[in-house]
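I opened the model today and kept short notes on what I looked up. The entries follow in the order I made them.

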Amino acid sequence: MLILNTRVVSGCTKTLVRSLNHSSRAMAKSKFEYVRQFETDDTCLRNCYIVVRLDGRNFHKFSEKHNFAKPNDNRALGLMTRSAQSVMEELEDVVIAYGQSDEFSFVFKRTSTWFKRRASKLMTHVASQFSSSYVFYWKEYFAEQPLLYPPGFDGRVVLYPSNRNLRDYLSWRQADCHVNNLYNTSFWTLIQKGGLTTIQAEERLKGTLAADKNEILFSDFDINYNNEPTLLRKGTTLIWEKRDEAVTKMVKLPNEEEQKEVTVTRGRKRVCPHHCDIIGDQFWEEHPDILERDDC
Ligand SMILES: Nc1nc2c(ncn2[C@@H]2O[C@H](COP(=O)(O)OP(=O)(O)OP(=O)(O)O)[C@@H](O)[C@H]2O)c(=O)[nH]1
Ligand SMILES: [Mg+2]
């Protein structure tokens, strides 16, 4: 018998066979092996950016139960960003991520071959790494507020074949951030500062355009929406950046007996947050390495 080792991974038995010839390998297959043929091929099309978007499950209730500040809770936004950072650091090939509210989008580089570009593998790794990080880092952000039940995140995969399509996707998410945040800021200001009920605030905002909401905030509450924090108006964009870091190490100098502690500066790639406009060209011109050429 040439079967040397059997291990169980993710609930399915994987048999490791060393140096089996073809006929004995055929014999080693069980009659159940055919069920593999039911698995669908979910390889993502080559040359496309692979976007995985996660979204908090029923966060309307989750935010209420955990006393999130209204309309924006900086602890919650910080924890989302920390979890997204963990995804970028632990998984491969994510070149940019964008998040707002209870959602985060992760963009895999278009030439990525990670997990043979299998959509289910990529999506589940992103979702599980993000969810476990959200729970793992909870206490760092919500010191006094206990986590009352396990949060969940749904995920989807979308492919974008061109740089224009990818940029439009990210612009869409940032425009959504703007629309929601302007509405939520106006809505909660009317309630918290204006003393309106939720129904009255809803009525007041019915049919209003962006300019009307800006005017309500400015005229009635002396709030210039453009001065609200960029974190809330623009969301969070995470990218890899090279930063100089001071590292101390022990070195033995020529003509000296003992080792000496020396501080050297090293360029290291880190995931860095930005809260800026990503709809216009400026961000992309300042970070030309994020996108790959369209003619790959
Ligand atoms: N108070 C507060 N609520 C937030 C914050 N961020 C997200 N939320 C809540 O999370 C919801 C996110 O919207 P959705 O994703 O559309 O709604 P959901 O309840 O998560 O529903 P599904 O995603 O369909 O499961 C918002 O409507 C808010 O109720 C925050 O910083 N403060
Ligand atoms: Mg949600």
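Where is the place of E92? I found E92 in the loop between helix 3 and strand 4 (94-100). The model is a predicted one.

E92 has 13 other C-beta atoms within 10 Å, so E92 is partly exposed, since exposed would need 12 or fewer and buried 20 or more. I also looked up E92 against A246: the two are 154 residues apart in sequence, and their C-alpha atoms are 26 Å apart in space.

Next I took helix 3 (residues 74-90). At 1.5 Å a residue, its 17 residues should span 24 Å, and the end C-alpha atoms are 24 Å apart, which agrees. I noted buried residues in helix 3, among them A76, L77, L79 and M80.

I turned to the backbone. Most residues other than glycine have a negative phi, and most peptide bonds are trans. N47 has a positive phi of about 70° and is not a glycine. I located N47 in the loop between helix 1 (22-28) and strand 3. D222 has a positive phi of about 60° and is not a glycine either. D222 sits in the loop between helix 8 (210-221) and helix 9 (230-234), and D222 counts as exposed because it has 8 C-beta neighbours inside 10 Å. The peptide bond from K70 to P71 is cis, and P71 lies in the loop between helix 2 and helix 3.

Last, I looked at ligand 1. I noted that 16 residues surround ligand 1, and the closest are F59, H60, S63, F68 and D73. Helix 2 gives the largest share of this shell, three residues.

How values were computed
Residues are numbered from 1 along each chain as its sequence is written. Chains are lettered from A and ligands numbered from 1 in the order in which they are written. This is a predicted model: local features need pLDDT of at least 70, side-chain atom pairs count only at pLDDT 80 or more; totals for chains, interfaces and linings use all residues. A residue is near a molecule or strand if its C-beta atom, placed from the backbone, lies within 6 Å of it. Helices (H or I, at least four residues) and strands (E, at least two) are DSSP runs, numbered from the N terminus. The expected span of a helix is 1.5 Å times one less than its number of residues.
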